Amino acid sequence: MIDYSSILWDMFFAALTGFGFAYVCNPPFKTLILSAILAAIAHSMRFTLMGYFGFQTLAIATFIASFSIGCLGLFLAKIFKTPAEIIAFPALIPMIPGIYAYKAILYLISFIRSEDIGEKTNFLIHFFDYFFTTLSVTLALAVGVSITLLLFFEQSFMMTRSIKKSKNHDQN
């Protein structure tokens with residue numbers, strides 16, 4: 001059974017994080033809101049795919065979510081006449097696997113400090129598990145959003161071009 005309250009909480013915290021990361025770039029307010037909405041959609045999509053649709057691999061769920069955000073980002077960028085990258089990239093940051101990277105480093109340090117060969121082997125196995133999870137999820141984020149931006153490069157480029165044309169026309 002789907003627990004809608006946990007999905008809503010996930011959306012809330014992802015939106016808050018997406019808003020915060022977008023705010024650092026000092027964009028227009030409408031862009032901040034769009035990034036927060038896309039962050040909520042992306043993170044909740046990954047959360048739902050993993051928790052309720054049986055996706056066992058974090059990287060695959062992340063890839064699907066980041067690809068969807070790339071598509072939604074292009075669609076919204078066209079409507080709001082802003083570059084898609086400004087909307088989509090801050091929305092993906094809440095899905096970066098920070099805890100996995102942190103644990104990978106901890107296991108690496110434990111491996112280096114340990115004297116027992118059995119413990120060293122265990123630490124090394126855990127290190128590679130967390131390291132490759134971090135690597136695969138990060139690549140899934142980058143590739144998922146990049147595919148949409150590369151497939152629709154012309155449309156992405158034309159969104160900001162129409163703004164420049166209208167500004168130049170207004171100045172003349």
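The model is predicted.

Start with the whole chain. The chain holds seven helices and zero strands. Its pattern along the sequence is therefore simple to write: α-α-α-α-α-α-α. The chain has 172 residues, and buried residues make up 35% of them. The accessible surface of the chain is about 10600 Å². Carbon and sulfur atoms account for 71% of that surface.

Next come the pairs of helices. Two packed helices are described by the angle between their axes and the distance between the axes.

Take helix 3 and helix 4. Helix 3 spans residues 58-80, and helix 4 spans residues 84-92. Their axes come within 8 Å and cross at roughly 150 degrees. Helix 3 passes helix 4 in a right-handed crossing. On the side of helix 3, the contact is made by S66, I69, G73, L74, L76 and A77. On the side of helix 4, the partners are A84, I87, A88, A91 and L92. By class, this contact of helix 3 with helix 4 has nine nonpolar residues, two polar ones and no charged ones.

The axes of helix 2 and helix 4 lie 8 Å apart, at an angle of about 45 degrees. That angle makes helix 2 oblique to helix 4. The crossing of helix 2 and helix 4 is right-handed. Helix 2 brings T31, L34, S35, L38, A39 and A42 to the contact. Helix 4 brings I86, I87, A88, P90 and A91. The classes in the contact of helix 2 with helix 4 are nine nonpolar, two polar and no charged residues.

Which residues of helix 4 are buried? They are A84, I87, A88, P90, A91 and L92. These buried residues pack against helix 1 (4-24), helix 2, helix 3 and helix 6. An α-helix has 3.6 residues a turn, so residues three or four places apart point the same way.

Helix 5 runs over residues 98-113, and helix 6 over residues 117-151. Their axes come within 8 Å and cross at roughly 155 degrees. Angles over 145 degrees count as roughly antiparallel, so helix 5 is roughly antiparallel to helix 6. Helix 5 passes helix 6 in a left-handed crossing. From helix 5, the contact takes in Y100, A101, K103, A104, Y107, L108, S110, F111 and I112. From helix 6, it takes in K120, F123, L124, H126, F127, Y130, F131, T133 and T134. By class, the contact of helix 5 with helix 6 has 12 nonpolar, four polar and two charged residues.

Is L32 buried or exposed? L32 has 4% relative accessibility. Buried means under 20%, so L32 counts as buried. Set aside its neighbours within four places in sequence. L32 is then in contact with F19, A22, Y23 and P27. L32 can also be placed relative to G18. The two are 14 residues apart in sequence. In space, they are 8.1 Å apart, C-alpha to C-alpha.

Note on methods. Residues numbered from 1 in each chain as written. Predicted model: local features only at pLDDT ≥ 70, side-chain atom pairs only at ≥ 80, totals over all residues. Heavy atoms only, no water. Axes fitted to C-alpha atoms, helices over the stretch in contact; angles between N-to-C directions. Helix = DSSP H or I, 4+ residues; strand = E, 2+ residues; numbered from the N terminus. Parallel < 35°, antiparallel > 145°, perpendicular 65-115°, else oblique. Left-handed = near helix turned anticlockwise from the far one by under 90°. Contact = heavy atoms within 4.5 Å. Nonpolar A, V, L, I, M, F, W, Y, C, P; charged D, E, K, R; others polar. Buried < 20%, exposed > 50% of the residue type's maximum accessible area, 1.4 Å probe, protein only. Areas by Shrake-Rupley, 256 points an atom, 1.4 Å probe, with all protein chains shown as cover.
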